[in-house]
Amino acid sequence: MVTGHVKTQLIAHDKEVYDIAFSRAGGGRDMFASVGADGSVRMFDLRHLEHSTIIYEDPGHTPLLRLAWNKQDPNYLATVAMDACEASPNRLAESTSGT
């Protein structure tokens, strides 16, 4: 039921969050990822909001500006880093979908 009220506040990234995108896996309702100024990609499950999983961290902590899920295979997503000329593909570990 949609109530328009805040359910919880998620605390995960160490800096600003620039983008979020829901995964199409499982009907596109429960799993989403976020990217931010701390250079990390984090995965969230709305059924278990007490934690998130870091699925990628840029070695130089370069801010990640955008992310998008692969439309054919929900085990892949792409990110775009600040000052990057191309997107970087990332494959999720098989165990990520179960956390």
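**View 1. A hairpin joins strand 5 to strand 6 through six residues.** In this predicted model, strand 5 covers residues 64–69 and strand 6 covers residues 76–81, and the two pair in the antiparallel sense over five bridges. Within this pairing, A68 stands opposite A78, which belongs to strand 6.

**View 2. An open sheet is formed by four strands in the order 1-2-3-4, with antiparallel pairing.** Strand 1 and strand 4 (53–57) stand at the edges and have a single partner strand each, so one side of each is left without a neighbour in the sheet. On average, and with direction ignored, neighbouring strands of this sheet are turned by 20° against each other. Strand 2 and strand 3 (residues 40–45) run antiparallel and are joined by five bridges, and F32 has F44 in strand 3 as its bridge partner. In a regular strand the side chains alternate between the two faces of the sheet.

**View 3. S23 lies in the loop between strand 1 (17–22) and strand 2 (31–36).** Is S23 buried or exposed? Its relative accessibility is 4%, and because buried means under 20% relative accessible area, S23 counts as buried. When residues up to four places away in sequence are not counted, S23 touches G28, R29, M31, F32, W69 and P74.

**View 4. D19 and R66 form a salt bridge, with their closest N and O atoms 3.0 Å apart.** This pair links distant parts of the chain, since D19 is in strand 1 and R66 is in strand 5, 47 residues apart. D19 is buried, with a relative accessible area of 14%, whereas R66 counts as exposed at 52% relative accessibility. Side chains of opposite charge can pair when their charged atoms come close. A search of the whole structure finds four salt bridges, and the pair of D19 and R66 is a salt bridge of this kind.

**View 5. Salt bridges that share partners join D30, D45 and R47 into one network.** The side chains of D30 and R47 meet in a salt bridge at 3.6 Å, N to O. This pair, too, links distant parts of the chain: D30 is in the loop between strand 1 and strand 2, while R47 is in the loop between strand 3 and strand 4, 17 residues apart. R47 also meets the side chain of D45 in a salt bridge, at 2.9 Å from N to O. D45 counts as buried at 5% relative accessibility, and D30 is partly exposed, with a relative accessible area of 23%.

Key:
Residues numbered from 1 in each chain as written. Predicted model: local features only at pLDDT ≥ 70, side-chain atom pairs only at ≥ 80, totals over all residues. Heavy atoms only, no water. Pairing = 2+ DSSP bridges. Buried < 20%, exposed > 50% of the residue type's maximum accessible area, 1.4 Å probe, protein only. Contact = heavy atoms within 4.5 Å. Axes fitted to C-alpha atoms, helices over the stretch in contact; angles between N-to-C directions.
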